Amino acid sequence: MSVGGAGRNPTGAEQAPTDRPVRVLIVDDDALVRAGLSMILGGASDLLVVGEATDGTEVPAAVAACAPDVVLMDIRMPRLDGLAATEALRAGPRSPEVLVLTTFDADEEVLGALRAGASGFLLKDTPPVDIVRAVRRVAVGEATLSPTVTRTLISHVTAGPGPDPRREEAVRLLAGLTERERAVAVALGRGLTNAEIGRELFMSVATVKAYVSRLLTRLDLNNRVQVALLVHDADLA
């Protein structure tokens, strides 16, 4: 594991830091991949690679030492994979956002990463400019998914009927929301931005942000992607 300089981590902020670059930690067991990502991200003046880790077991120490805003996480690593590392990281207080970047897009890995708390999922053949853009989006609390991942989610939502404990739990959780909270949740499930939700529901962006924060607290979730998955599980979007 290698780390960069120390810094403050404004986890959970709705807006990106304005006085410094977005701090990024790269987690991948392939040295060439780490070097390539460092070069790609290093070319953006508003992004700063503050450290690297070679396995999921190194993530807690690297996060403590580097205070990243975003962790760029591989899935398949030898000792502790990215899914387990993401789940453990996102379960802690003031955790950074996680953007999964992997060679594989198997359904169980896509859904597993997003349910674990990742804010985005991209494939490693994603163009460099889109990787940079995805890091920026995740840093400000927006979800980002590659087209193939979006198709996976659509397939998951349109799967055949049948008994589904996950659906029953999602319906139960969403039933406890107010009508307005549920409307915002369904809008998140449709992938709308805060501005789009505001226009559709006649709210200010600040009010939408307040509702999103309230949803995360009431549903005990980490980010808007997990709210969207919950809505999909309940067949409401």
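Which residues are linked with Asp-28 in a network of salt bridges? Asp-74 and Lys-124 are the residues joined with Asp-28 in this network. The legends below describe a predicted model, in which local features need pLDDT of at least 70, side-chain atom pairs count only at pLDDT 80 or more, and totals for chains, interfaces and linings use all residues. Residues are numbered from 1 along each chain as its sequence is written, and side-chain values use heavy atoms, with hydrogens and water left out.

**View 1. The salt bridge between Lys-124 and Asp-28**. The two side chains meet at 2.8 Å, N to O; a salt bridge is a side-chain nitrogen of Lys or Arg within 4 Å of a carboxyl oxygen of Asp or Glu. The pair links distant parts of the chain, 96 residues apart: Lys-124 is in the loop between β6 (120-123) and α5 (128-139), and Asp-28 in the loop between β2 (22-27) and α1 (31-42). Helices (H or I, at least four residues) and strands (E, at least two) are DSSP runs, numbered from the N terminus. Asp-28 counts as buried because its relative accessibility is 2%, whereas Lys-124 is partly exposed, with a relative accessible area of 28%. Buried means under 20% relative accessible area, exposed over 50%, and partly exposed in between (1.4 Å probe, protein chains only).

**View 2. Salt bridges of Arg-90 with Glu-97** **and of Asp-130 with Arg-133**. A search of the whole structure finds 13 salt bridges. In the pair formed by Glu-97 and Arg-90, the closest N and O atoms are 3.7 Å apart, and both residues are buried. The side chains of Asp-130 and Arg-133 meet at 2.5 Å, N to O. Both of these residues belong to helix α5, where they are three residues apart, about one turn of the helix. Asp-130 counts as partly exposed because its relative accessibility is 29%, and Arg-133 counts as partly exposed at 43%.

**View 3. The packing of helix α7 (residues 165-175) with α11**. The helices pack at an angle of about 110°, with their axes 8 Å apart. Axes are lines fitted to C-alpha atoms, for helices over the stretch in contact, and angles run from 0 to 180 degrees between N-to-C directions. The two helices are therefore roughly perpendicular to each other, a class that covers angles of 65 to 115 degrees. Arg-166, Arg-167, Ala-170, Leu-173 and Leu-174 of α7 make the contact with Leu-230, Val-231 and Asp-233 of α11; contact means heavy atoms within 4.5 Å.

View 4. Just after α8, Gly-191 takes a positive phi of about 80°.

**View 5. Positive phi at Phe-202** **and Asp-220**. Most residues other than glycine have a negative phi. Phe-202, in the loop between α9 and α10, has a positive phi near 60°. Asp-220, in the loop between α10 and α11, has a positive phi near 55°. Phe-202 counts as exposed because its relative accessibility is 75%; Asp-220, at 70%, also counts as exposed.

Methods:
Angles under 35 degrees count as roughly parallel, over 145 as roughly antiparallel, 65 to 115 as roughly perpendicular and the rest as oblique.
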